Amino acid sequence: MSNNIIEVKNLGKKYVINHHRGGYIALRDILTNIIKNPFAFLKKKVKEIAGIDTKEDFWALKNVSFNIEPGEVVGIIGRNGAGKSTLLKILTGITPPTTGEIKMRGKVASLLEVGTGFHPELTGRENIFLNGAILGMTKKEIVKKFDEIIAFAGIEKFLDTPVKYYSSGMYVRLAFSVAAHMEPDILLVDEVLAVGDAEFQKKCLGKMEEVTKKSGRTILFVSHNMAAIQSLCKKCILLEKGEVKNIGNTEDIVNEYTSGSTADGTEKVWTETKRPGNNISELISVRLTDRSNKTIPYVYSNQEVGVEVTYKVKINGYSPLPSIHLFTNKGDYLFVSYSDYNEKLLNEIRTHKAIAWIPANIFNNGIYIVGVGLSTMIPMQTHFFERDVLTFQVIEDIASSKKNDFNQQTVPGVLRPILKWKNE
């Protein structure tokens, strides 16, 4: 008999996509055609109205196979649409597979969507007992864990308030706390933890690490936060277009994923016929890079990041001044930075490359937008300015942040610089 707690073999999930073709039945059509061939006419019109003229099979998962041993913490990573959430929904039993077989040995708990398994009209207290019962716990077992659940979730003041009034963050805290304390053999966690703040995410990761070491529980963890994946998981599954691309050591799989699937938002290259600019200079490419000259898909809050601008100067006598412009994802202007004047670049008709280095510990967690421009001072002229070129996400480096470092906690504001202090 196998020792694996989860066995997945040739798993597939097919959806049928209907390509709608809008239409209506005109009175003229009815009067003209219904007498000639009523059945053929009605069949044709019903198909047009229902939008089922054409169908397409879409495989969200295909030939997925893997085994998980008891006590393993396995990360599941991949780009949006790779099939990660679909896989967890099948393992949980929310949706059935089209092909393949699954063997799950043990009690399963899942945290897939905010508020899953909660009744909005019931209070936090009542939902704890409801969720516990769904997970197969007795009332005595739930009562024993009750105080720990409440303390971890931090919702003491709202315990007897209907959960429909909870914020999404409160929902997540309570849902995770229930799932983590009910001691299932297998815990399935989707990206839902991203709803919580950075401090609670650390708390959740610490709890998952604790339960795997002490209780030997098995966890499947889906996340786009590579720091969290590397901190918690020793093994990783990389999904690509519904299929398993690779399984192995977390560090190797994460490196493969980040080097081979750079987010569209952190690099942009223009074709020669569509480059922004004028007869003097044109923009070729912009990307985010690290010190090893690798394009990066996201930025850690404590990581230095370079914005590399490649442009072409086509006429002598111009000393170009590249600039980068930073915005929030809401459109607020953060800052602009111009490169230094360089007399050596005068009269050089060629391709230039300039890198602006943004120091570590500047940004708060969030989404940021980069704009780029190029101007000359003499004569004063803007050759190009592209406002929304790159989009990048700043995330917490949970693996290296200190437990009691206030600079790594959730704080208000867009920027979160670590300043030098002198205390006397």
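Helices and strands here are DSSP runs, numbered from the N terminus: a helix is H or I with at least four residues, a strand is E with at least two. Keep that in mind for every label I use.

This is a predicted model, so local features need pLDDT of at least 70 and side-chain atom pairs count only at pLDDT 80 or more, while totals for chains, interfaces and linings use all residues. Residues are numbered from 1 along each chain as its sequence is written, and side-chain values use heavy atoms, with hydrogens and water left out.

Start with the loops. Asn 361 sits in the loop between strand E16 (351-358) and E17. Its phi is near 60 degrees, a positive value in a residue other than glycine. Asn 361 counts as partly exposed because its relative accessibility is 23%. The cut-offs: buried is under 20% relative accessible area, exposed is over 50%, partly exposed is in between, with a 1.4 Å probe and protein chains only.

Now Lys 241. It lies in the loop between strand E8 (235-240) and strand E9 (243-249). Phi is positive here too, near 55 degrees, and Lys 241 is not glycine. Lys 241 counts as exposed because its relative accessibility is 73%.

On to strand E17, residues 366-376. Ser 375 is in it. Is Ser 375 buried or exposed? Buried, at a relative accessible area of 11%. Its side chain joins that of Thr 382 in a polar contact of 3.5 Å. A polar contact is a pair of N or O atoms within 3.5 Å; within protein, one must be able to donate a hydrogen and the other to accept it, and residues adjacent in sequence count only if both atoms are side-chain atoms.

Next, helix H5, residues 139-153. It has 15 residues. First C-alpha to last, H5 reaches 20 Å, close to the 21 Å expected at 1.5 Å a residue. That expected span is 1.5 Å times one less than the number of residues. Where does H5 bend? At Lys 145, by about 45 degrees. The bend is the angle between axes fitted to the seven residues ending there and the seven starting there. Lys 145 is also buried. Other buried residues in H5 include Ile 142, Phe 146 and Ile 149. Just after H5, Gly 154 takes a positive phi of about 65 degrees.

Last stop, strand E1, residues 6-19. Ile 17 has its place there. Ile 17 counts as partly exposed because its relative accessibility is 33%.
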